[in-house]
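Reader: I would like to learn how to read a model of this kind. Please take it feature by feature.

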Amino acid sequence: GKGPSKGAFMMRRVAITVATVAALLEGGAAMRAGAAARRQASAFRMVAALDRPIVQTVESLIEMPNKVPNRMFNKAKLKMPLNGIEPVGEGDADKDPEILPVREYEEPFFSYSDFSSQIGGFTKRVTKGSNCTGRVILLQPSGALVDIGTKSNALVPNSEASLTQVDDLSTIFELGKSYTFEVITSEDENGQLQLSRKRLMYAEAWNKIDALLAEDAQFETVVNSVNRGGAVVIIEGLRAFLPGSHLVGRTASEDMVGQKIPCKFLDLDKENSRVVVSNRRATVEKLMDSIEVGMVVDGVVTAVKPYGVFVSMNGVAGLLHISQISSDRVTSLEKTLPIGTKLKCMVVSQDASKGRLALSTKTLEATPGEMLRDPEAVFNNAEQNAANYLQRVEAERKAREAAAQEVILGLESALSGTSATDNA
């Protein structure tokens, strides 16, 4: 028969279109509902996270900085979209599923002042002029970095690392090892302090020097450098001056650098950091302790004076007076004992406190005037002649004591006789 009319065909197409649109609308609503459900579930998870208590400790704040409520945001009482990224302004969460009410707080859980105070409780507070202990963690060209428990690592500049200039910090600092320092600055703009090891070592060195001075003790120094006036030596890490006139048996020269020299103090001025030492004092006093009256010593004439000659014995100077050279009269000291003459002398007296010795060759003469006639014979037989002289002196002493005793006994007898006569 006859096919469908044009009107029926158009109605059919409209019905199909309507059905298709209805299906699409239904599918879109389902999709939107699913997306909304997913966003809602995400929002609920976010709300649940907000409901958890915030641990108000430094560690938790460092791990979760975003958990600190924002004061300005909370005061604005804005609404948050479900994606939790940007505030979208006021809204009604009951009517609009796309908007979630934000948890509102009148005051934040943890303010910045609270955070600062909590940080202060976990860091050490040190002040300029105080001492602290720290661990060396890094050596760098500008100095050593030290962990002393403050917010920033402290710096020990090269100039404050030791009493003497050091080119390699690893020679005085060991990584990981703890040392005591003095704080010499306040915090800079980065919160860093500067420390000094040198100032503590300086104070300790002076304490040791004061103790040595109180005992008048002998000590060893190391020659650091030499100059026209003498040598610069190191004692307990401090620089000291050793005058050339107080060097025994040598003059200041470059070959002395690095050598150890025994010394004693000559002068100290702590206020001006001045230390003067003497090798002569240490040497003389050491020798003086081993020298006794009556000993025969070897020496060299170092100076000729109108009243006698000075003799040096391993750095110890003694005076051989003109009256102690010979039993006969000496007419010319320059001819009898010129400078450089090697001789033997007897020690006839000493003053250890002043480092003075009195010498004699007259006591070594076998016969009067022998020193002027044959000095070599005197020196060759010095020990034997010295022993003979000491025996004569001892015999004379005993004779004098015996004579004195006889006089005393005679006086006692005389007094006893007088007393008996008076009694009769």
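Reader: What pLDDT does the chain average?

Author: This is a predicted model, and pLDDT is the predictor's confidence in each residue. The average over the chain is 77, and 69% of the residues score at least 70. Over residues 46-88 the pLDDT is below 50, although this stretch has 67 contacts in the model beyond near neighbours in sequence. Residues 100-108 also stay under 50, with 26 contacts beyond four places in sequence.

Reader: How many helices and strands are in the chain?

Author: The chain has 10 helices and 17 strands. Of its 424 residues, 30% are buried. Among contacts with a separation of 6 or more, 56% are between residues 24 or more positions apart.

Reader: In what order do the five strands of the open sheet stand?

Author: A sheet is read through its strand pairs, and two strands pair if at least two bridges are found between them. Here the order is β5-β4-β3-β6-β7, with antiparallel pairing. β5 and β7 (195-196) are at the edges with a single partner strand each, so one side of each has no neighbour in the sheet. Strand β4 (residues 143-147) is joined to β5 by four bridges, and the two run antiparallel. Within that pair, Ala144 is opposite Val156 of β5.

Reader: Which strands does helix α5 lie across?

Author: Helix α5 (residues 198-215) lies across β3 (131-140), β6 and β7. Its direction is at about 95° to β6.

Reader: Which strands pair with β16?

Author: Strand β13 (residues 296-305) pairs with β16 in the antiparallel sense over five bridges. Asp298 has Lys344 in β16 as its bridge partner. β16 is also joined to β17 by five bridges, again antiparallel. There the bridge partner of Met346 is Ser360 in β17.

Reader: How far does helix α6 reach from its first C-alpha to its last?

Author: The span of a helix can be set against an expected value, taken at 1.5 Å times one less than its number of residues. Helix α6 (residues 279-290) has 12 residues and reaches 17 Å, close to the expected 16 Å. At the start of α6, a side-chain oxygen of Ser278 comes to within 3.2 Å of the backbone nitrogen of Arg280.

Reader: Which residues of α6 are buried, and which strands do they pack against?

Author: The buried residues in α6 are Asn279, Ala282, Thr283, Val284, Glu285 and Met288. They pack against β10 (238-243), β11 (260-269), β12 (274-278), β15 (316-321), β16 (342-351) and β17 (356-360).

Reader: Is Thr221 buried or exposed?

Author: Buried means under 20% relative accessible area. Thr221 has a relative accessible area of 0%, so Thr221 is buried. Its place is in strand β8 (residues 219-226). Leaving aside residues up to four places away in sequence, Thr221 touches Val233, Ile234, Ile235, Gln259, Lys260, Ile261 and Cys263.

Reader: Is Asp167 buried or exposed?

Author: Exposed means over 50% relative accessible area. Asp167 counts as exposed because its relative accessibility is 79%. Asp167 is found in the loop between β5 (154-157) and β6 (178-183). The C-alpha atoms of Asp167 and Pro141 are separated by 9.4 Å, and the two residues are 26 residues apart along the chain.

Note on methods: Residues are numbered from 1 along each chain as its sequence is written. This is a predicted model: local features need pLDDT of at least 70, side-chain atom pairs count only at pLDDT 80 or more; totals for chains, interfaces and linings use all residues. Side-chain values use heavy atoms; hydrogens and water are left out. Buried means under 20% relative accessible area, exposed over 50%, partly exposed in between (1.4 Å probe, protein chains only). Contact means heavy atoms within 4.5 Å. Axes are lines fitted to C-alpha atoms, for helices over the stretch in contact, and angles run from 0 to 180 degrees between N-to-C directions. A polar contact is a pair of N or O atoms within 3.5 Å; within protein, one must be able to donate a hydrogen and the other to accept it, and residues adjacent in sequence count only if both atoms are side-chain atoms. pLDDT is the predictor's confidence in each residue, from 0 to 100.
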